Amino acid sequence: MRILIDMDDVMADAVERFFDWYERDFGVRYTKADIYGKKLYDIVPDANKPIVKSYAHQPGFFKDLPVIDHAKETIEKLNKLHEIYIVSAAMEFKYSFTDKYEWLDEHFPFIHWKNRIFCGNKHLVKGDVLIDDHDFNLSTFPGRAIVFSSPHNMLLTGYERMNGWQEAKLFFDDLE
Ligand SMILES: [Mg+2]
């Protein structure tokens, strides 16, 4: 099976970086419970929204992001059983490429460069399974589309849902 895996908020915890930078700039710390079904952008005062929107476009945003729980060991096991491709829409954020590449080298060195796809629109990338947190990527995917739970997508329906990598064995029978 060819399994396509998104990076941000599937492997790397970008949500926490938003909270970190918001606290740095505005002195308020939000938690994931505060943004159930929403993005941080949606709940901050209007005056602060442009700053929040700019975060992912700034150098360093994607550097040293925390690894999502159990992503490393689970994807390493899947990588031995299936053809794994990491598919990230890195082109949206011009400073993200090196950070994302080095992050994979550090935490997922077993993902060969030939299996790293940094792209614009994901609908050109074909596979059997896509694990992603965004409806706009899942909705155009012709294979098995699995939504990976993240605060912003908790109200999204119409897909199989993986609530963390500890549930991966429910989706892949050959996974121990
Ligand atoms: Mg994502």
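**View 1. Surroundings of Val15.** Val15 counts as buried because 23 C-beta neighbours lie inside 10 Å; the term buried requires 20 or more other C-beta atoms within 10 Å of the residue's own, exposed means 12 or fewer, partly exposed lies in between, and C-beta atoms are placed from the backbone. The model is predicted: local features need pLDDT of at least 70, side-chain atom pairs count only at pLDDT 80 or more, and totals for chains, interfaces and linings use all residues. Residues are numbered from 1 along each chain as its sequence is written. Val15 belongs to helix α1 (helices are DSSP runs of H or I with at least four residues, strands are runs of E with at least two, both numbered from the N terminus). Neighbours within four places in sequence aside, Val15 contacts Asp9, Lys32, Ser150 and Pro151, a contact being two C-beta atoms, placed from the backbone, within 7 Å.

View 2. In α4 (residues 71–81), the buried residues are Ala71, Thr74, Ile75 and Leu78. Because they cover an arc of only 95 degrees around the axis, they lie on the same side of α4; the arc is that of the directions from the helix axis to the C-beta atoms. Glu73 and Lys80 are exposed on the other side of α4. The cover over the buried residues includes β1 (2–5) and β2 (83–88).

**View 3. The largest nonpolar core.** This core has 35 residues, and Ile5, Val10, Met11, Leu130 and Ile131 have the most contacts inside it. A nonpolar core is a set of buried Ala, Val, Leu, Ile, Met, Phe, Trp, Tyr and Cys residues joined through C-beta atoms within 7 Å. Domain 1 (2–13 + 66–170) and domain 2 (14–57) both contribute residues, so the core lies between them; the domain bounds come from an automatic or database domain assignment.
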